[in-house]
Amino acid sequence: MTDHEARPAAEREQARPAAGREQTRPAAGREQTRPAAGREQTRPAAGREQAQPATGQEKPRGAAEREQTRDDGAQVSTGKETAGAHEAAIPELVIISGMSGAGRSTAAKCLEDLGWFVVDNLPPALIPTMVELGARSQGNVARIAVVVDVRGRRFFDNLRESLADLDARGVTRRIVFLESSDDALVRRFESVRRPHPLQGDGRIVDGIAAERALLRELRGDADLVIDTSSLNVHELRAKMDAQFAGDQEPELRATVMSFGFKYGLPVDADLVVDMRFLPNPHWVPELRPFTGLNEEVSSYVLNQPGAKEFLDRYAELLQLIAAGYRREGKRYVTVAVGCTGGKHRSVAMSERLAARLAAEGVETVVVHRDMGRE
């Protein structure tokens, strides 16, 4: 009798594939010879065939590859996201739409300042793809804002299908619709001397009427409708902040820039302050070769009469101004600190002033524009 015939019938039965079932891996005995855990994550786990959906059952693309489970029920990585991780990583989505000239760009910029990843004029058919790319970013793109409008022309017709696709995937989405009166829209288009995207050979009011008809259904589905007829840019920003910033106060970013008056004023400065009321270290031979970054130069400047008093009071003034900037929706401020050459006094004071602002929670960057030009 051969060895094969001498094998117990039960053992042969265990090694034989089940009738009518696709067998893609060896029997359970192989599990005892599996490699170390670090290698286990690169190969299919036991029970994969049971995790695959039946033919005809709806399943997100790639889900069969992601949903691999060990015998003990634990999820393992195969170099791709598991289904649970994929769902957890789906970013939050806001769709900004509305009438042309009603402030869509301002609303998008507001969300961008709040840390959202913003895409302008994206064809609606690509929105699910954008969300999928965000889900693959490992949390780096957690919030996406997409501006969708009639500039997409025929692509706009795909919006309804894209919204249904997003709902099927369980994506958390909101639609923000910017509205405005016909009179306000006409004034805005005339002020910039640009035609309405849909007016063609007609008048501006014809384009506005056509756009309203096209967007009527989307407006009815909107989660937030903002009428900007009587709002200015700052008021629209305040409304967006109220909806999306939560309890967190809008962040203010400051740039403290030292400069030399002999090279001209910085064109992007919001506030300018003059340090030429302090003695110039340039006339101290042992300090002349150094800059305000040097500890000896900095001590010399700050120990002059009035220097520390100026730093304290100007820092208090900036606190007051920063609070007003936040209320008005201003996100960026540039404070220019000048002296004659931009090497000693302005550099030393800029460093100390930036440290004060950073200690008060203001994100601060220091730039020394003219240091090294002499």
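1. Two strands count as paired if DSSP finds at least two bridges between them. Keep that in mind for this predicted model. Leu 271 stands opposite Val 335 in strand E8. Strands E7 and E8 (residues 332-339) pair in the parallel sense, over four bridges.

2. Now widen the view to the sheet. Which strands form it, and in what order? Four strands make an open sheet, ordered E7-E8-E6-E9. The pairing is parallel. Strand E7 (271-274) and strand E9 (363-368) stand at the edges. Each has a single partner strand, so one side of each is left without a neighbour in the sheet. From one strand to the next, the twist averages 20 degrees.

3. A helix covers part of this sheet. H14 packs on the sheet and touches E7 and E8. The direction of H14 makes about 175 degrees with that of E7. Angles over 145 degrees count as roughly antiparallel.

4. Look next at one residue of that helix. Lys 308 lies in H14, which spans residues 307-327. Is Lys 308 buried, exposed or partly exposed? Lys 308 has a relative accessible area of 48%. Exposed means over 50% and buried means under 20%, so Lys 308 is partly exposed. Leaving aside residues up to four places away in sequence, Lys 308 touches Leu 302 and Asn 303. Lys 308 and Arg 352 are 44 residues apart in sequence. In space, their C-alpha atoms are 10.0 Å apart.

5. Helix H13 (residues 295-302) and helix H15 (residues 345-359) have axes that come within 9 Å. The axes cross at roughly 85 degrees. That makes H13 roughly perpendicular to H15, because angles of 65 to 115 degrees count as such.

6. Which residues meet where H13 and H15 touch? From H13 come Glu 295, Ser 298, Val 301 and Leu 302. From H15 come Arg 345, Ala 348, Met 349 and Arg 352. The residues of this contact divide into four nonpolar, one polar and three charged. An α-helix has 3.6 residues a turn, so residues three or four places apart point the same way.

7. Finally, consider helix H8 (residues 127-135). How many of the nine residues of H8 are buried? Seven are, so H8 is largely enclosed by the rest of the structure. The buried residues in H8 are Ile 127, Pro 128, Met 130, Val 131, Glu 132, Gly 134 and Ala 135. Glu 132 is a charged residue, and Glu 132 is buried.

Conventions: Residues numbered from 1 in each chain as written. Predicted model: local features only at pLDDT ≥ 70, side-chain atom pairs only at ≥ 80, totals over all residues. Heavy atoms only, no water. Axes fitted to C-alpha atoms, helices over the stretch in contact; angles between N-to-C directions. Helix = DSSP H or I, 4+ residues; strand = E, 2+ residues; numbered from the N terminus. Parallel < 35°, antiparallel > 145°, perpendicular 65-115°, else oblique. Contact = heavy atoms within 4.5 Å. Buried < 20%, exposed > 50% of the residue type's maximum accessible area, 1.4 Å probe, protein only.
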